[in-house]
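Open the model in your viewer and keep the sequence panel beside it. The stops below each give a selection and then what is found there.

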Amino acid sequence: MVTCLDDSTSDLVLAELHDRAIPAVRFDPGADFPAESRMSASFGPAGMSGLITTATRELRLTDVRSVYWRRPTPYRRAPELDERIGRWVSDQSRYGLGGVLAALPGALYVNHPWRIRDAEHKPTQLATATACGLAIPPTLITNDPDAARIFADIGPIVYKPLWATPTQDRDGTAVNVWTQSVDPVDITTAISGAAHLFQRQVDKVADVRVIVIGASVFAVRIDGAPGIDWRRHYPDLSYALIEAPSMLVEAMQAYLSRFKLIFGAFDFALTGKDEWIFLECNPNGQWAWFPDPIPARIAAAIAHRLQLARGQQ
């Protein structure tokens, strides 16, 4: 399990693996390496072999059956190194240890880190969703203020960030950039300074997050959000497991197949006409905050998939 220490989502899967008596090692390369762990990987005609040794465990690379890749800490420089040398050292770890972890012989990845990276680009998500038969809102990605104004004149639009870059306000306080409605009068020449994603606002009655792990599908209807972005209103939300239409399930699985993913967290807007409008798919999305018994069922599905050998369903 490649993730940070305070990842509650991984905690649930780890507990499920322990209940199944499946040996598992939790490792955070960005935080644990090189100060608290050692890695030696050998390459030759027989392939790759070697060891990763932590403070409490020894892991033979050839023994790894599956990898649950969640949210590892970014590689960082040791405090005693200056920024220039520290950046060089952290890059060596990222490409050395990171490359080894991404090349474990015969291992099944949920999901492979390079496939996660590929699937995180929203333009590619939208193009792939359309190709797989999923309905999307009309979307414009631009740095042209005139194009944005023309798009806004057609009807209500929202803005959403293309990437969740950590940012701060002028006081240094960490802030999130949420999906929000756009007033056309606020579209200025400042737009020309970066790419922006605008979408036609969906007239929705609820949101749905669908967790797909191979053939297992968990569609959770989310009601009660007073605003556009339900993530801003957790105390107001209610959740219910619902059945996703079979054609939609086929389209989601085709989407994951195109990106070579096993896991995906799909977000849909549900309209009053029972239309499911694709908004995005997070290849490493969250689900642990759902009320019981939903997280336990998802954790069991992920643990089952990790327990299998590559190529099994």
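Begin by selecting Arg-200 and Phe-151: the charged end of Arg-200 sits over the ring of Phe-151, 4.3 Å from the ring centre. A charge sits over a ring here if NZ of Lys or CZ of Arg is within 6 Å of the ring centre and within 35 degrees of the ring normal.

Before moving on, two notes on the numbers. This is a predicted model, in which local features need pLDDT of at least 70 and side-chain atom pairs count only at pLDDT 80 or more, while totals for chains, interfaces and linings use all residues. Residues are numbered from 1 along each chain as its sequence is written, and side-chain values use heavy atoms, with hydrogens and water left out.

**Aromatic pairs**

Next, show the rings of Phe, Tyr and Trp. Two rings pair if their centres lie within 6.5 Å, with the six-membered ring used for Trp; planes under 30 degrees apart count as stacked, over 60 as edge-to-face and the rest as tilted. Searching the whole structure gives 14 aromatic pairs. One of them is Phe-266 with Phe-268, a stacked pair with 6.3 Å centre to centre and 15° between the planes. Phe-266 is buried at 0% relative accessibility, and Phe-268 is buried with a relative accessible area of 1%. Buried means under 20% relative accessible area, exposed over 50%, and partly exposed in between (1.4 Å probe, protein chains only).

Then select Trp-289 and Phe-290, a tilted aromatic pair at 4.4 Å centre to centre and 35° between the planes. Trp-289 is partly exposed, with a relative accessible area of 26%, whereas Phe-290 counts as buried at 3%.

**Arg-209**

Which strand holds Arg-209? Arg-209 is in β12, residues 204-213. Helices (H or I, at least four residues) and strands (E, at least two) are DSSP runs, numbered from the N terminus. Arg-209 is buried, with a relative accessible area of 8%. A polar atom of its side chain lies 3.0 Å from the backbone oxygen of Gln-286. Show the surroundings of Arg-209: leaving aside neighbours within four places in sequence, its contacts include Phe-218, Ile-222, Trp-230, Asp-267 and Gln-286. Phe-266, Trp-289 and Phe-290 from the previous stop are also among the residues in contact with Arg-209. Contact means heavy atoms within 4.5 Å.

**Helix α3**

Move to residues 83-101, which make up helix α3. The helix has 19 residues and reaches 26 Å from its first C-alpha to its last, close to the 27 Å expected at 1.5 Å a residue. That expected span is 1.5 Å times one less than the number of residues.

Colour the buried residues of α3: Gly-86, Ser-90, Ser-93, Leu-97, Gly-98, Val-100 and Leu-101. Looking down the axis of α3, the buried residues fall within an arc of 140°, so they line one face of the helix. The arc is that of the directions from the helix axis to the C-beta atoms. What do these buried residues pack against? They pack against α2 (29-32), β1 (38-44), β2 (47-53) and β5 (108-110). On the face of α3 turned away from its buried side, select the exposed residues Arg-84, Trp-88 and Tyr-95.

At the start of α3, a side-chain oxygen of Asp-82 reaches to within 3.2 Å of the backbone nitrogen of Arg-84.

**Backbone details**

Two cis peptide bonds come next. The bond from Phe-33 to Pro-34 is cis, with omega near 5°, and Pro-34 is in the loop between α2 and β1. The bond from Asp-292 to Pro-293 is cis, also with omega near 5°; Pro-293 lies in the loop between β16 (276-282) and α8 (294-307).

Now select Lys-260, in the loop between α7 and β15 (263-271). Lys-260 is not a glycine but has a positive phi of about 60°, and at 66% relative accessibility it counts as exposed. Asp-274 is in the loop between β15 and β16. Phi of Asp-274 is positive, near 65°, and Asp-274 is exposed at 54% relative accessibility.

**Last stop**

Finish at Ser-257 in helix α7, residues 246-259. Ser-257 is exposed, with a relative accessible area of 52%.

Notes: A polar contact is a pair of N or O atoms within 3.5 Å; within protein, one must be able to donate a hydrogen and the other to accept it, and residues adjacent in sequence count only if both atoms are side-chain atoms.
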